[in-house]
Structure formats: structure tokens, C-alpha cells
Amino acid sequence: MLQVIINGHKHSFADGLSIMQALASIDVDVPHLCHDERLKPYGGCRLCVVEIEGEARPVSSCNTALRDGMNIRTDSVALQNLRKTNLQLMAQHYPDAAVAAEPERPLHRYLQQYGVTAQGANEKDNWRDDSHPYIAVDMSRCIYCYRCVRICEEVQGQFVWQVFQRGEQTHIRPQTGNNLFESECVSCGACVDTCPSGALADKTVQRNGTAECWTETTCVYCATGCQMSVGTRGQKIVQIRPVVNAAVNHGHLCAKGRYAFEFTHAEDRVTTPMIRQNGAWQPASWDEALAFTANRLQEIVQRDGPDAIGVLGSARATNEENFLAQKFARAVLGTNNVDCCARVCHTPTAAAMKRMLGTGAATNCFDDIEQATCIMLVGCNPTENHPIVGARIKQAVLNGARLIVIDPRQTELARYADLHLRVTPGHNIQLFNALACAILQAQLEDAAFIRERATDFDAFREFVLQYTPESVAAECGVPAAMIRDAARLYAGSKPAMCFHGLGVTEHTQGTQGVMALINLALITGNIGKAGSGINPLRGQNNVQGAAHMGCDPGILAGSQNIHDAREKFEAAWQCALPTQHGLNLLDMMDAAHAGKLKALWAIGYDVQDTLADMNRTAGALHKLELVIVQDLFLNETARTVGTVFFPAASVFERDGTFMNSDRRVQRVCRAIEPPGEAWPDWQIICALADTMGKGNLFDYADAEEIWNEVRQLWPQGAGLSYLRLASESLHWPCLAENHPGTPVLHQNSFVIGKQAALQRIAFEPSPEQRNQDFPLLLITGRNIYHFNAGTMTGRTDNTVLSDSDYLEISAADAASLQLQNGNRAKITSRHGEIILPVRISDRMQTGQLFTTFHYAALKVNRVTSPYRDNMVKAPEYKRTAVRVERLK
């Protein structure tokens, strides 16, 4: 420990701190304007200066290391005068009206504290920019701390803000474009968050006023699980900021998390229960809506049996609410027909990892990104779909990590990659097996790890050596030499970390694709250690939790097999659980189409708009007698086939927990009250259970009481109490209140035993093939500004940032089809047709197309494939054969 004197008092500190960090740890505040703990120390503003005995002049505390024996003074008269002088220089050309209007700004607080008066407008630079929907720019208030430049560079890695010229001519502008909106800005708001003067500001605050209250909670968009502070004024959200010391996001947010919150106050928010009567929605009281629904459900159970009903949990609901959804299905209705949207994205991952390793979740945590020497991204686009993870990966690469990208499209991170393997959609198995073959041929396998932790190696070796890079290169679209280079890089890097996304799972061999990735980790020893592993990037905020809580026909809460855990749950609930094998979501659609499924309860899930092969989905839904929709808005399912509508509370209006992609369980905290008669999902489920005579099983006072029941039934979550979650970032397994959690799985053994069996996975072509009539392959996915069907982001100004779904097409294909940017094109598959505006893109290969699915009116899923994963039935969203025609 370092022994240091500060303002006459002795203190002890650990080594490795700056003086400012040491001062902050004992609550000694020194003013600073250029410093932000998310950034490298800069020492430019000279406000944080301190005196050190023996030093000739004051030093900046932010970039001076603490040393043993220092005698530090922070508050002498000389220091006060020096700080005042520096503030006077800043205020010489600073607008005085801004100080009066926004006294809470850090610069303005210091001016007031030191008695410094702003002298007037900045004549050197009065550039203002109102082009961006969220960010206001007023450079007359810039004090040249360069925090905006540095945070865009060091945290986001976008390099938008640049310093031009020098001396009196210095000014800061976007590097490209005529304004911020036209620049490379991705609207993360980090520059606004760090700006101490208001030169960059949130327009939501300018419109609605500053926040009066702040609530820490978890983001509702992707499964990164970013922690954020929600600022409210009365019952209105006015601003969201990142939690600076958050373990997951390190004080950073994306455009959705920071700005796309105004859907909560959208004018078309449904706040009253409704029942469809004579083809039209009619308002109803809760008692009426619950009684109507209970009677209809009971009629169907009595007439057709409980398995004529399906229940869908929600990735947007909390763990507690999904736990109750599956409990309702099994204990109230008596059916295992319960599922969630994990079915259409990462159920293949969960199935593959559980089968091979024993646990169907990420092996490692996001903190391992900075420890990996090589990162392999497979079928995922983190800078758009998981922007904070993407930014961390980008920073790791800029700081020396090697990068392999396996993706048909040239994603942003592909531009930073050492190797970009542009695999043909549907040919992942060939490529992954060829990588394994190349590793073994080059004798780069980890023989010691294989002997200790893997089985069936000889049979695997014999099988996979058939997939030489040269034999598969033409079909999978990746040159053999590049496959061998990637094999050497991945196998030769220790540790190497793999992330994968829906480009792996949403194929007919999606589950097997994940298994093939696990093979690669096993033969190279890249599992069970920090900075390695197989890590799915889950798509929605609580899709991991929804399935894990039992919204899956084959599992109970804690992802416990229903056959193994049945007795424990029956004892806890004092009722028998159904024994009939349940239907998953796709099975439900088939059963509805066949007239066997009669009712569906869709909680926070727009099935009509988001399932592949939309036309068949619509036909199935129209055959149902009862469709219960529980949501914030009248979504496409409600609009077309809904029978009763339950208005739900938004993420900002409820309490509970979410489970993120790296197995952290994190708190969700209510910031405002639900509007009108909207209720949190858990209260709706409990009320319906009570109406159906099962209220004794659903008698909970609050979300914490539900969570405590989960903990009692799920041994691996027993230590995850609300009290601990309030101050700790914990990964399950967490077996007791004193357990530290488990950031890295499988360190000494797997759940299934000491060893995992390597799998021999043969390539099977998708039934969805190109021909003369359908010569192009269409891939679907998300973009950075929108989330899935746009139910939330489509009601915010993110629609200004991305105003439509577009057909991305290569220049060569566009030329052959006589298409130009902005043209309307008809896209036809064997399954349907849609019309989209054209965007010519250098990200696309010839013969391949891409579009998003964020705008319901464009109905992109009319064309997507009906084919499904051959093990868990996830739809094949990533490969559809189409033709394209220009519309006149």
C-alpha cells in the first residue's frame, strides 16, 4: 500500500492509481472539465491541479500517478487563484445567457463556484447545427476540452468529431458531411454525455426540461444488458444517460438505448383493455376483459382439451413475468404448449450448447473481450445489432487484438478484420468443417486439452478431414487459402473468443452450425478460460431469460428438463404438471393451420408480423377462435386477428429482472407509473389466473416475491437476490448468497461431465435453392437504429435516422437489373412478394441481397422461407431465393 498525505491527513492507497482517482476514493473533489473516467487522462483544462511537496509547480491530478510518500495539497489559496484564472480564460468568449439558463452544467457550476462571469458570445466559432433529430450543436459554447473528439475515438471508435486548424483558428466539426446528420455519426450520444458546457446537448431536454428524478435500470433493446439512468420530470421521461461505472456497458449506450424511449408516451399507446365485438375493438373494464377471456379459455379446455391452447412469453417481459407465463400454461391451463421468440433466433444455440456442454448459454462474459488475443465473429454484426459489444470489440482490435469475420456482407467490423470470410448463406457447415480440417492438417490442435476434455477425437478427425478447404471452397464461397489462414489465426491465438449470431442459427442446420463452432473451440482448447469460448449474441433484451424461465415446451424455470424437475415443481406448486409433450411456436402454427389449436395468448410478441412465411402464418392465425394480445400497441397480430387486448406496462413502468447475453441477471426498476389502465405483465397474468380460480398459486405482493420463488426452484440462481443485484453484477451459476457468480463456465469440467464429445456433422443443403426463376439470395436482419418489428423504435425519431426498409444490392446486380438508388423494386420468392426501395451498397456480393424488417407496412416476411432448423424448427430467415424486378 502507498502511504500518502493529503491536505494534512494520512491515507493508504493501492498502487496503480492517479492522484485524481485516489482523491475521488476518499471523497476529495477537485474541479475538472477535460477529464472523464471513461477516457485516457488528458490534463488539458488545468483545473484539477494540485500541489505536491517538492515539486516546483502544480501538476494536473488526472494524469499524474500516485507515488508512495507524496504530500499533496488540493485547496491552497494559490490553487484556488490558478483555477479561477483558467476559468476566466474559458469564460472570456462564453455566452452568459447559457450559464443562467442551465446552471447544472459542470462548467457553469464551476463558474458560479469561483465567482467567474461569462463575458459574452464566442466570436471565434458560432457554428450551430440543428440537422440531427436528437443532438443540438452550438459551438459558441465549446471550451475545447476535446472530450467529444476523444470519447468518439476511444469509446465508440467512430472518429466523427475532428479538430481542424490550430491556435485561434481551432474549431471542431464532423469529419465528413456538411453537418452531423450527414456524417458518420451513429447517434450514440456519447459526445453529448461527456460535454461539460452544453455545446452538444440532447434535444429531448431542450424540449421537455431537465430531469427531476433519476432511476437506474436495464435497457429494453438488445441482450447486451446496458445499465442506464432514466431521467424523469413528473411522469414523463426526458433523458436517458448511461451508468458510467456499469460493468456491462462501461458508461456507454447506443442510439436505441439512449434516445429511443419516446414510444412510452406515443399517442397510439393502448391504455384500456379491449374486446373485439362485431369486427371492431371496444373498450372494456379489466373485470370484463378478464371474465371474457377466462370464460373463453375454460370453454376451449372443456371442449377441446388444454392442448388446444398455446401461450407465448415475451423477450421484452421480465424473468418474473415469463416465469408466471409458463406457470400459468402448466398450472392453470394444464398444457406444455408454451414458447417464446427464442424459438426463432437462438433456441438452436441453447439446444446445441446444452447437448454438447450441458449448459445452453454463453461460456464467457463480455469482460473477456479485452482479454482475447483473437476474436472470431460468425454470422453476427455487433456494431449494428449489439452496438456496445461492437464498440468494445472495435476498441480491442484497435488496441491489437486480431479479428476474423465470417459473414456474407461487408459489415463495419469486417473493414477492421485481418480476415473476412464471405461465406455463402446456407453453407456454414462446410466452412466450419473445413476450418477444423485445416487446423488438424496443420497440427494446430491442442492435443493436451483434447486428451483431457474431449472424446471421439479419432472418429471426428477421420470425418472432418473429408472437408478439405479445397473441396468446399467453391460451394461455400471462401477461397481455400483464406480458410487455411483463418484456421491458423484462430488456432494459433490463445485465448481466442468466438461470438456468433443469427447468421449461424437461422438456417436449416442452425443447431448443427453452433455444434460445429463448439467443435472448433474444443479442438483448439479455446473453452473454459477467460478470453475464449463460444458466445451467442442474443437478439432481444430478455430472450435468454424468457426461455430460461421455462417458456419452452420441454423445460421448466432454470432451463431444467421437465422430466427431471417435475416432482420438485409439483411439490412447490401443489398441483400436477401436464405430461403431454408440448408444442413449440412453429408447432402451434401448424396445429392452428390444421384446426387443432384453438386459442393463443401472445404476450409482447407480434407473431403475425415477425414469423417467416407470413402468408402461411396469417392463414394459421385466422383459424384461431381466440387470440389474446398483451402489448403496448395494437400490433399487426392484434389488428388482424386479435380477440381481446390486455394493455401492458412498458419497461420503464415495471419492476423485475432481465437476463443478458452473458448470463448476468440485472434489475429492472420502475421510473414512471403505467398510463391509464395499463398493468405490468405479471399483474395481468395473476389477475387472469385468479379469475380462472387459481389465484392461490399466483398470490404475489410484488416482483421480488416472484423472483424469490424462482430462486427456490432454480439452484443455479439461488444467490441472485434483489439485495445483491442492487449493487453487484452477477453471472449465474450463483449458488448461494455468498457465491461470487461464474463469469467463465466449464473451467474444470462440463455440466455433463469432465469431457465433451466432438460431433460429426455432415453438410445438408437447404431445400431453398436458386434457379433461373429465383437467381438471387435474400438475407434479412436488423440495422443499428431499429429493433425487430419497429413496435418501439418506429414510434420515435429513430425513423428520421432510418426511414424505411431498403433492398441492399451490389452495383453489378443493380446494373444488370437497371436499378438505381431510390427505385422501387418488386422482390418475389416462391412464397410471396414485396416492394422495397433500392439502395446500392458496396457491402453486398453479387448474387446476394439484404433487407431489414423494421417497417410493418412493407411486410418483408411475406417472402421469407418456410423451411426450418432440422432440430428445433427455427425458421430459415437467412436464405431465401428471389428474383428482383424494377417497378416503373
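How far is the sulfur of Cys476 from the closest cysteine sulfur, and in which residue does that sulfur sit? The answer is 12 Å, to Cys437, which is too far for a bond. This is a predicted model, where local features need pLDDT of at least 70, side-chain atom pairs count only at pLDDT 80 or more, and totals for chains, interfaces and linings use all residues. Residues are numbered from 1 along each chain as its sequence is written, and side-chain values use heavy atoms, with hydrogens and water left out.

**View A. Cysteines without a bridge.** Take a disulfide to be a pair of cysteine sulfur atoms within 2.5 Å, and the count comes to zero. Cys551 is in no disulfide either: the nearest cysteine sulfur, in Cys340, is 5.6 Å away. Cys551 is buried at 0% relative accessibility, and Cys476 is buried too, with a relative accessible area of 0%. (Buried means under 20% relative accessible area, exposed over 50%, and partly exposed in between, using a 1.4 Å probe and protein chains only.)

**View B. Two cis peptide bonds.** Lys494 and Pro495 are joined by a cis peptide bond, with omega at about -5°. Pro495 lies in the loop between α18 (480-492) and β22 (496-500). (Helices, H or I of at least four residues, and strands, E of at least two, are DSSP runs numbered from the N terminus.) The other cis bond shown here links Trp732 and Pro733, with omega at about 0°. Look for Pro733 in the loop between β31 (730-731) and β32 (756-757).

View C. His746 isn't a glycine, yet its phi is near 65°. His746 sits in the loop between β31 and β32, and it is buried, with a relative accessible area of 6%. Gln818 also has a positive phi, about 55°, without being a glycine. You'll find Gln818 in the loop between α31 (811-816) and β35 (824-829), where it counts as exposed at 61% relative accessibility.

**View D. A negative surface patch.** Asp690, Asp699, Asp702, Glu704 and Glu705 make up this patch. (Patch residues have over 30% relative accessible area and no salt bridge, with like charges joined within 9 Å and nonpolar side chains within 5 Å; a salt bridge is a side-chain nitrogen of Lys or Arg within 4 Å of a carboxyl oxygen of Asp or Glu.) One of the members, Asp702, is in the loop between α27 (681-691) and α28 (703-713). At 35% relative accessibility, Asp702 counts as partly exposed.

How values were computed
Areas by Shrake-Rupley, 256 points an atom, 1.4 Å probe, with all protein chains shown as cover. Lys, Arg positive; Asp, Glu negative; His and termini not counted. Charge placed at Lys NZ, Arg CZ, Asp CG, Glu CD.
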